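Visitor: Could you show me how to read a helix packed on a sheet, and then a pocket? I would like the general idea each time, then the case here.

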Amino acid sequence: MKNIYSIITTLCMLAVFGCVSLVPSLAAAAPAQAGKKAILVVSFGTTYPETLKTTIEAVETKIKAEFPDYEVRRAFTSRIIIKRIAERDGVKIDTEKEALDRLKAEGFNEVIVQPLHIAAGEEFDLVKGVVRHHEAAKTFDKIALGRPIMYFMGQEEKPDDYLAAAKALENQFPKQKKDEAIVLMGHGGSHPGNSAYAAMQLKLQDEGYKNVYLFTVEGYPSFDNMLAKLKANKVKKVTLMPFMLVAGDHATNDMAGDEEDSAKSQLIAAGFKVDTYVHGLGENAGFQDIYVQHVKDAIDELNNPEAKKH
C-alpha cells in the first residue's frame, strides 16, 4: 500500500513540476505585442472640399492601402486654412505639432511623417523642425521624416526625384504640335528651397521636354521669364497646368481665372491660344506613387540607422 501511495505521490509531483516547467516556455513562445505605428500625412491644406477629396485624401488612401500595418493621420501646416475650415464646417484639423502630440498621447511609438509639399521650402522646414524636436526629446521610439516631391537629384546613389516628377507629369500631358507648349505654374517664394523650381525647369529640358515651361506665382522662374521663352520659341498655343498638390485658389484664380492679371488672361492678351487643366498633382497616380515611395524610403531609413538623413 505504501508503495502505491509513493508512486501516486511521485506522479503528482512530476505532473506539478512538469506543468510549472512548461509555463516559461509557453511565455517565451507568445509573440510580443507589436507597437502602435502611424503615418502622419502633412500638407499645406486647402479650403476647397472637392479638391481636398481628389488630391490630399486620394494620396492618403493610396498610402493606407500600401501600409496596412500603419494608422494614417492628417495634418495641415496652414493655420489660416485650419481656422477657416473650423469656422465654416466645424471640422478641426490638427497642425503638424498637434498631430504628433496626439499620437504620443495615444501611445504610438513609431511615426513616419510624410509631407505632401512640392519643394523643401518654408512649410517643409516647419515640419522638419517639429520632427527634429521629437527626435531630440525621444518622445517616440522611432520617428522619420519623408521628403517632398523635389529633393534629391540622383547624386551619390540617391534617387532622382526631379526625373520621377517629370515622368509622372507625362500622365497628364496632352499631345502637342510643334508650335504648342505646356506651361506649369508652381507656388514659389523667397525661401532658398524654392530654387528647386528653376532646377526642375533645367531637368525638364535635359530630359527632352523641350515644350514644357515652368513659372512660379511668388518666385523664380517668373511669369515674365516664362513668357519671354514662349515668344522666343514661337509658341502659339499653351496648356496651363498647376504644378501644385491641389487645384485650389492659386490654380482656380491666379492661373485659370478670368481676371486680367491671371496667367490665362495675360497669355491671351499676349496673343496665345490657351487651354487650362485645373487638376492638382495629387490627382495624378504617378505622384501618388512618388509619395508612397518616399514613405517606403523613410521606413527603410528607420531600419537602417547608418542611412544618411536629410
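Visitor: Which strands does helix α8 lie across?

Guide: Helices (H or I, at least four residues) and strands (E, at least two) are DSSP runs, numbered from the N terminus. Contact means heavy atoms within 4.5 Å; axes are lines fitted to C-alpha atoms, for helices over the stretch in contact, with angles from 0 to 180 degrees between N-to-C directions. In this predicted model, local features need pLDDT of at least 70 and side-chain atom pairs 80 or more, while totals for chains, interfaces and linings use all residues. Residues are numbered from 1 along each chain as its sequence is written, and side-chain values use heavy atoms, without hydrogens or water. Here α8 (residues 223–232) lies across β5 (180–186), β6 and β7, at about 160° to β6.

Visitor: In what order do the strands of the open sheet run?

Guide: Strands pair if DSSP finds at least two bridges between them. The order is β6-β5-β7-β8, with parallel pairing. At the edges, β6 (212–216) and β8 (273–276) each pair on one side only.

Visitor: How many bridges join β7 to β8?

Guide: There are 4, from β7 (residues 237–242), and L240 stands opposite T276 in β8.

Visitor: Which residues are closest to the centre of the largest pocket?

Guide: On a 1 Å grid over the protein atoms alone, a pocket is an open set of points where a 1.4 Å probe fits, with protein on both sides within 12 Å along at least five of seven lines; lining residues have an atom within 4 Å of a point. Of 36 lining residues, the closest to the centre are F44, G45, E123, H187 and H250. The largest share of the lining, 4 residues, comes from α3.
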